Amino acid sequence: MLAAVVAVAVVAVVCCWPLARLHPLAGVWAAAVGAAFAGAAWLCADLGRGVVGWLLACALLWGVSAAGALGAAMVPAGACWAALWLLLAAAPVVAGRRGPDPDGARPVWLAAGGAALAVAVISLAILVPDARNWVETTSDWAMWWPGPARSPWSVAVQGAAAVAVPAAAGLRAWRRRWARASVAGLLAGLPAVPTAEGVQQALRTALGDPTAAVYYRLPGAQGFVSSDGYQAVLPGGGGRLVVPAGRPGDENSVVLTVDGSLGLDAAPLQAALVACRPALENAGLQAVLSSRLREVRESRARIVHTAIDERRRLARDLHDGAQQHLLVLLTRLGIARQNTTGPQSLEAIDAARDQLRVALGKLRGLSRDIYPSVLDAEGLTAALESLADSGQVDVELAGHPGKLDPEVEIIAYLTVRDIVDGLGRQAPASHARISLLSVPGRLAIQVRATPAVAGKAVESARGSAAEAAGQDRSTVPPAWLAIVADRIRANGGDLSVRFEPVPATELEAVWVEAWIPCG
Amino acid sequence: MGRGMDPLRVILVDDSALFRQGLAGLLAPTGVEVSAQAATADEAAVRIAADRPDVVIMDIRMPPTYTDEGLQATAQLKKADPDLGVVLLSAHVEVASAARVFEEHDRGLGYLLKDRVDNVDALVRDLHRVAAGELVLDPEVVQGLLGRRRNVELIAQLTDREQDVLRHMAEGRSNQRIAAAMMLAPKTVESHVAAVFTKLGLPPSADDNRRVLAVLAWLRTRAQ
């Protein structure tokens, strides 16, 4: 391609050389116009062979007609000249081959093509001897008249007109290349696997538009996701330029929007986006993935949230419903007892009362398991104290986090309760020290449990699944902690476990560290 | 026993009308007069201002939030009238929070489990004690305090008799009442009480209520 361009440029330039005999400047100028055609062809290399061939043909015709302008071969020169303008008149066709008019340049091409066509028709007309004679004999401005160069002025004006078309093509190509190069340069500086936000930032910097945004269509759906993984609606109108940037045939799979008032052309933008298509596609996958992940996270948090609401509602229903009715029943039985004297009836009533007390006790236990009433009434510390009073594990509480969001409190409570319960099942005689620390933005829970029986808590508390998978078994939560970890993580926190030998004993202590975001 | 004492006037505060009716029905033959009933803390305040009872029987969980309306109402009533007797009824055994209520009020206060109401003789006795300014704590709550791991170890050094005395003290009984309940001579009870105080390192106190509070505070203390 480059060789062909250079060859045509040389031919066009050399052909213009005879004009230098007419006037030195005319020769230089004509050679420059030929070189401009060839240069535009080189810049437009990526627009396809058609465009390049068109521009090279123009360059050749320009050179040949300039050579013929010595006057020795007026008719061939005039024919070449007319052919050149006919060829330039085809500009709208050549430009239109790139599908829709992304940058609104078509009217310019049409105007240029129309003007060129007019010049071509007049040039052809001059080839008819009568017409030429009429022009040369009757008008003072014959030297300006289109046709093979007759004077330096003629060459200058006609050359300028002729070069306008390739110059426009070359300018477009150059802008496209520049945009692509600057984006490519930025992308080269991105990490090996650029993030969607990284790519968007690179484009913002390259385009000088801090509002530029890339959207990716969700596969199998109508919606889009923004680069930060949120579902989004494409901003339409509002002076924003929307540039499709997906693969041919699926252009709308990736869309760039830029501030329309910046006057950026769609074509160079598209070219720039082609340069970073691999990065864009990678980023698109990431954005879609992070959107999906966000959905899953949000739904997980909703599930936990709903479960907690359900707990609260159930506990309240038990209190207001079953428990109240049983208590009323208890008073009725009491009244019945006051009014009874028969020993058998008294015995039957007492037996019923005993059963009723058992039922009330069980109901209280159930209600407390579901949602401890003290949590809402007096907060986390009181609830944990109460928990410490009733467990199988010797619990030592440290730290008073103060009043927290009710949801954080119940999650913290359930976390501690499930850990204590789990420890109780695993190693009944263990001692647990539970520390709560409220720091800005999070509540930290730390449990250090020491089993009283050697090896007991250690082996059974370990995650057998983790061992089977060959993972580091000292950090993976064991199965009985998995549900606790799930609840914490669903709420945006985290939980980790590690095991540590207790010095000078065969015991192994288990550390559970968790945190919950709050505030 | 309530019978034979001055008729006691109480107000029932509970959001369940059926429970209030049942309780009023239980109290009717005992000589305790239910002078008014109320479904909310605000309504109770109006009734109490209009006609001061000896004791207010107050549910802890009531509308609107069903958390601790009864506790808040108690604090306000006691602030206005420290001698007014209040018996709190709890649907749950919350040892820590029950013990905490007694840190704020040093006389005429009871904390009973709702299940307790069907033993009407004991209830009437407790109402009279609260009306007389004593402190009454539900045996199950006391059991919870005594059952704390740290407490179990320390209490193990007491003899069985001394442990019973400690339990009675925690439930709010004076030496006289302990003697009556355990069928012991007052002198014997006194010596047991002295032994408990010495062994547990409690500051001795002549005032019954202060003694109860000291015992509760001791039971509530946790190793930090």
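Helices (H or I, at least four residues) and strands (E, at least two) are taken from DSSP runs and numbered from the N terminus.

## Basis of the model

This is a predicted model, in which local features need pLDDT of at least 70, side-chain atom pairs count only at pLDDT 80 or more, and totals for chains, interfaces and linings use all residues. Residues are numbered from 1 along each chain as its sequence is written, while chains are lettered from A and ligands numbered from 1 in the order in which they are written.

## Helix H8 of chain B

Just after H8(B), Gly172(B) adopts a positive phi of about 105°. Helix H8 of chain B spans residues 160-170, and its buried residues are Val165(B), Leu166(B), His168(B), Met169(B) and Ala170(B). A residue is buried if 20 or more other C-beta atoms, placed from the backbone, lie within 10 Å of its own.

These buried residues of H8(B) pack against several elements of chain B, among them strand E6 (135-137), helix H7 (149-155) and helix H10 (186-200). Contact requires C-beta atoms, placed from the backbone, to lie within 7 Å.

## Nonpolar cores

A nonpolar core is a set of buried Ala, Val, Leu, Ile, Met, Phe, Trp, Tyr and Cys residues joined through C-beta atoms within 7 Å. The largest has 70 residues, of which Val55(B), Val56(B), Val87(B) and Leu127(B) touch the most other members. Leaving aside residues up to four places away in sequence, Val56(B) touches residues including Ile11(B), Ala44(B), Leu77(B) and Val86(B).

A second, separate core of 54 residues includes Val13(A), Ala38(A), Leu60(A) and Val64(A).

## Strands of chain A

In chain A, strand E5 (residues 254-259) pairs with strand E1 (residues 213-217) in the antiparallel sense over four bridges; pairing requires at least two bridges found by DSSP. Within E5(A), Leu256(A) is the residue opposite Val214(A).

Strand E4 (residues 240-244) of chain A is also joined to E5(A), by five bridges, and the two run antiparallel. Here Pro244(A) stands opposite Val255(A) in E5(A).

## Contact between the chains

Chain A contributes 31 residues to the contact and chain B contributes 30 residues. On the side of chain B that touches chain A, the elements giving two or more residues are helix H1 (17-27) and helix H4 (95-104) of chain B. H1(B) supplies the largest share of that side, six residues.

Definitions and conventions: Contact = placed C-beta atoms within 7 Å. Buried ≥ 20, exposed ≤ 12 C-beta atoms within 10 Å, placed from the backbone.
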